[in-house]
Amino acid sequence: MRLALGVEYDGSGFSGWQRLSAAGSREPDGSLQTALEAALSRVADARIDTICAGRTDAGVHGQCQVVHFDSDVVRDARGWVLGTTANLPPTMAVRWCVPVAGDFSARFSARARRYRYRILNRSTRPGLQRQYLGWERMPLDAQAMHAAAQALVGERDFSAFRSVQCQATHARRDLQEISVHRRGAEVVVEVQANAFLHHMVRNIVGSLLVVGRGERPSAWIAELLERRDRTVAGPTAPAAGLLFLGPRYPRGCGLPDEVSL
């Protein structure tokens, strides 16, 4: 049977999603994937390997990461959810478990992925929730940032916003929507695309911050796209402010509404 899980996590203190140890190893390696697979394997009393919708970096958080795995072990959904969560670190939890078709893939069946980046915009750094926030001391023009960001919508070459470590075969991605808005002392960036390059969201946010501070005009973001040169774009925003909201799948996959189109 193939099953899909929705998993939430605080990425602080983890090396990122992807397993760092050798395939098949269940030795702790600081990754979220290894922690989840170890917990699932305890519930199944057998080795469980998982595939996720989108790998997140060290320090990045997940609201609803979706994974799938195959198992011959019979457990009801409640058993998988509660049993796995009981064996996870306190900063991880399984939210739901549903059976899916044998050809479902958490990665390849997804039609979109969504992220949110929160920036505390005030003169002093955060004391509370600092692991969930970026910080900018200079006043930000959220409207200018939003206007600039619209140049990114559509299928584009995002070479200017990919890291040098990115292993993707090409830089073209379909960015479906992006918004920037102010919420009290916070400036929030939300973005959805079919897929993302390594550090793509954090690099976009870093360049939008340059616009928000008034150091560059809104048209600069479109210029960066055209130049396709990472070295002239803004810095990479810190990981702490980034939250992977989750992937989105066709409704025929039978997943909960929060991850369905």
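I began at His199, which I found in the loop between strand S9 (186-193) and helix H4, where helices are DSSP runs (H or I) of at least four residues and strands are E runs of at least two, numbered from the N terminus. His199 is not a glycine, yet I read a positive phi of about 65 degrees for it.

I note that this is a predicted model, in which local features need pLDDT of at least 70 and side-chain atom pairs count only at pLDDT 80 or more, while totals for chains, interfaces and linings use all residues. Residues are numbered from 1 along each chain as its sequence is written, and side-chain values use heavy atoms, with hydrogens and water left out.

I then looked up Asp45, in the loop between H1 and strand S2 (51-52), and found its phi near 55 degrees, a positive value in a residue other than glycine. Asp45 is exposed, with a relative accessible area of 71% (exposed means over 50%, buried under 20%, partly exposed in between, with a 1.4 Å probe and protein chains only).

Next I turned to helix H2 (residues 77-86), in which Trp80, Val81 and Thr84 are buried. Seen down the axis of H2, these buried residues fall within an arc of 95 degrees, so they line one face of the helix; the arc is taken from the directions from the helix axis to the C-beta atoms. On the other side of H2 I found Arg78 and Ala86 exposed. The buried residues of H2 pack against strand S1 (2-9), helix H1 (32-44), strand S3 (61-70) and strand S4 (92-100), contact meaning heavy atoms within 4.5 Å.
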